[in-house]
Amino acid sequence: MAPLPILKWPDPRLSTVCDPVAPGEDLAGLIADMFQTMYAAPGRGLAAPQVGVLKRLFVMDCTWKEGEGSPLALINPRLLERSDTIETGEEGCLSIPGITTAIDRPDWVVVAWTGPDGAQHARRFEGFEARCAQHEMDHLDGIVTLQHLDGAARAEAEARYAAARA
Ligand code: NI
C-alpha cells in the first residue's frame with residue numbers, strides 16, 4: 001500500500017466520464033491505496049479518476065476527522081432519488097487544492113452501489129455525507145465543483161485557484 005499522487009485540475013483525466021467496474025474485478029489493492037491517499041491528504045472523499053484510474057468507484061469517510069471513522073467504498077454508484085430541496089455549502093476538492101467554492105446541491109440523496117465484497121447496497125445520505133457522495137459521483141462523470149458555477153462565480157473561483165497554485 002502506498003499513497004497515490006492526486007491529479008490536479010485541469011488534468012484532462014478529471015474531465016473524463018469513467019467506465020463501469022466489471023463484475024468480479026479485484027479492486028482490494030486500489031481501494032486500500034485510495035483510503036490511504038484520502039486520509040493522508042487529508043480529505044473526506046476520493047474518486048478513482050483523481051488518482052488516474054478512470055473507473056466508477058470512490059471512497060469516503062465523512063466523520064474520521066471528528067474521531068470515529070465511517071469508511072465506505074462505493075463501486076458503480078447510482079443515484080436513485082434526490083431531494084427537491086437544495087442547500088448551498090462550501091466544498092473543497094483534493095484535485096483543486098487551496099480553495100473552497102459554494103455549491104448548490106440536493107440536501108439528501110439515495111444511492112445504490114456495489115461494495116468491495118460484491119454485495120449490493122442502497123442508502124439514504126443526508127447532510128455532509130449527501131454532499132460528499134454527490135461531489136464524488138460527479139468526479140465519475142468528469143465533473144468538478146467549478147462546473148457547477150456560473151460565469152462570474154466561476155471566473156472568481158478560477159482566479160482564486162490560480163492564486164492558490166502560484
Ligand atoms: Ni473532488
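Is His 135 buried or exposed? With a relative accessibility of 6%, His 135 counts as buried. Keep in mind that this is a predicted model.

The nickel ion takes its protein donors from Cys 93 (SG), His 135 (NE2) and His 139 (NE2), which sit 2.1 to 2.2 Å from it. Along the chain, these donors follow the spacing C-x41-H-x3-H.

Now for the rings. The structure holds three aromatic pairs. In one of them, Phe 35 and Tyr 39 are stacked, since their ring centres lie 6.0 Å apart with the planes at 20°. This pair sits in helix 1 (residues 28-40), four residues apart, so about one helical turn lies between Phe 35 and Tyr 39. Tyr 39 also pairs with Trp 64, this time edge-to-face, with 5.1 Å from centre to centre and 80° between the planes. Trp 64 is in the loop between strand 2 (57-60) and strand 3 (72-82), so its pairing with Tyr 39 of helix 1 ties together parts that are 25 residues apart in sequence. Through these ring pairs, Phe 35, Tyr 39 and Trp 64 form a cluster. Phe 35 is buried at 16% relative accessible area, whereas Tyr 39 is partly exposed at 29% and Trp 64 is partly exposed at 24%.

| Arginine | Ring | Distance from ring centre |
|---|---|---|
| Arg 44 | Phe 128 | 5.3 Å |
| Arg 124 | Trp 108 | 4.1 Å |

Definitions and conventions:
Residues numbered from 1 in each chain as written. Predicted model: local features only at pLDDT ≥ 70, side-chain atom pairs only at ≥ 80, totals over all residues. Heavy atoms only, no water. Donors = N, O, S within 2.8 Å, 3.2 Å for Na, K, Ca; no water. Buried < 20%, exposed > 50% of the residue type's maximum accessible area, 1.4 Å probe, protein only. Phe/Tyr/Trp six-rings, centres within 6.5 Å; stacked < 30°, edge-to-face > 60°. Helix = DSSP H or I, 4+ residues; strand = E, 2+ residues; numbered from the N terminus. Lys NZ or Arg CZ within 6 Å of the ring centre and 35° of its normal.
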